[in-house]
Amino acid sequence: MTALLSIRDLTVTYRRDGSEVAALNHVSLDVSAGERFAIIGESGSGKSTLALAVAGLLPASGRIDGRIDWFLPLSPFGAKAPPSVLPDISPARGEIVLSSLLSPITDVGENEPSTELPISPLAGEMSGRTEGGATERQPKFTPLGGRDIGFVFQDPSASLDPVMAVGEQIAEVAHTHLGLTWSQSYARAKALLERVRLPDPDAALRAYPHQLSGGQKQRVAIAAAIAAGPKLLIADEATSALDTIVQAEIVALIRQLVAEDGMTLLFVSHDIALAAELAERIAVFRHGELVELGATAQIVASPRHAYTRALLDAHLGLDAEPLLQQSGASR
Ligand SMILES: Nc1ncnc2c1ncn2[C@@H]1O[C@H](COP(=O)(O)OP(=O)(O)OP(=O)(O)O)[C@@H](O)[C@H]1O
């Protein structure tokens, strides 16, 4: 499988009240294009930090070291993002590198003359390490939140604008990132509301978030996240606030949308059962460290790390059958 994302030696430290909190410690992993990849671990293990770092959404208090390399196909809408919507990545916070045409940087010279690439690996470099005195470069291209990366957060009430009709919120993504007219954008918003199976999409277009249930709001948030056709969908505890039945519906919806649109999924959850249901591979985090990474079947059937075993045991103690069935069904 072709890599979409390569993370190398990623370390994230937050500054808080004059002290430093290590959230991620020298994490390296690859995510393949088109795979469903889960990140699991207990609260505080660094899952959200990894998701935010990948999306370029870490808060200013987060210091990032290491590399995140992207292997994205070129956007037909131009390589340069409007500066106002660039993710918040400051030059001192690590290095994010983009390669194009789904070719790893090392392969660029072999497959395509780099002079013919609209975006060269160098031009795609987001920022240099300035603290060590290296040359600072202006951001020229970065995977763009909303266009290349769709992000679904745990709480849709916090991610949706309470005073904007949901149709407008979805249409705005399409208008901004796809260059559609407003009427085309609203047509796309309606089609997306149908795809996420909101009852009466016409009425839903004009609804405000407070008029929808928690599950319906999360469906709207998912519609907005995929409105520009991102390559990567990140769902960070996107079902955790929902009751079990709605949770299962949303997981099924995410699985379907990811398959239909050929997206890569980064599914962040504290729930190993949900992860096993959805993901092809699972990465287990503890205290900011990647302790185990493997195919879902291997993780569930023969975990190598005691911590993974403990997570499984904790789940099995509550509800043994579904996890095993779900992991079997996921393959
Ligand atoms: N903005 C922040 N400022 C300071 N420390 C933070 C910040 N965000 C996270 N942390 C700390 O970083 C560590 C990792 O947090 P993170 O939210 O990534 O973990 P998590 O596994 O996603 O947990 P949860 O499931 O509870 O969100 C924790 O110790 C947390 O307290």
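Which residue, with a positive phi, follows α5? In this predicted model, α5 is followed by Arg-197, whose phi lies near 60°.

Helix α5 itself covers residues 182-195. Its 14 residues, at 1.5 Å a residue, should span 20 Å, and the separation of 19 Å between its end C-alpha atoms agrees with this. The buried residues of α5 are Ser-185, Arg-188, Ala-189, Leu-192 and Leu-193. Because these residues cover an arc of only 140° around the axis, they are placed on the same side of α5. The cover over the buried residues of α5 includes α4 (166-178), α6 (201-206) and α7 (214-226).

When residues up to four places away in sequence are not counted, Ile-254 touches Ile-222, Ala-235 and Leu-265. Between Ile-254 and Ala-238, the C-alpha to C-alpha distance is 9.9 Å, and the two are 16 residues apart in sequence.

The ligand is surrounded by 15 residues, the closest of which are Tyr-14, Ala-23, Ser-43, Ser-48 and Thr-49. At least two residues of this shell are supplied by each of β1 (3-16), β2 (19-32) and α1 (47-55). The largest share, 3 residues, comes from α1. Sorted by class, the shell around the ligand consists of 9 polar, 4 nonpolar and 2 charged residues.

Notes. Residues are numbered from 1 along each chain as its sequence is written. This is a predicted model: local features need pLDDT of at least 70, side-chain atom pairs count only at pLDDT 80 or more; totals for chains, interfaces and linings use all residues. A residue is near a molecule or strand if its C-beta atom, placed from the backbone, lies within 6 Å of it. Helices (H or I, at least four residues) and strands (E, at least two) are DSSP runs, numbered from the N terminus. Ala, Val, Leu, Ile, Met, Phe, Trp, Tyr, Cys and Pro count as nonpolar, Asp, Glu, Lys and Arg as charged, and the others, Gly among them, as polar. The expected span of a helix is 1.5 Å times one less than its number of residues. A residue is buried if 20 or more other C-beta atoms lie within 10 Å of its own, exposed if 12 or fewer, and partly exposed in between; C-beta atoms are placed from the backbone. The arc is that of the directions from the helix axis to the C-beta atoms. Two residues are in contact if their C-beta atoms, placed from the backbone, lie within 7 Å.
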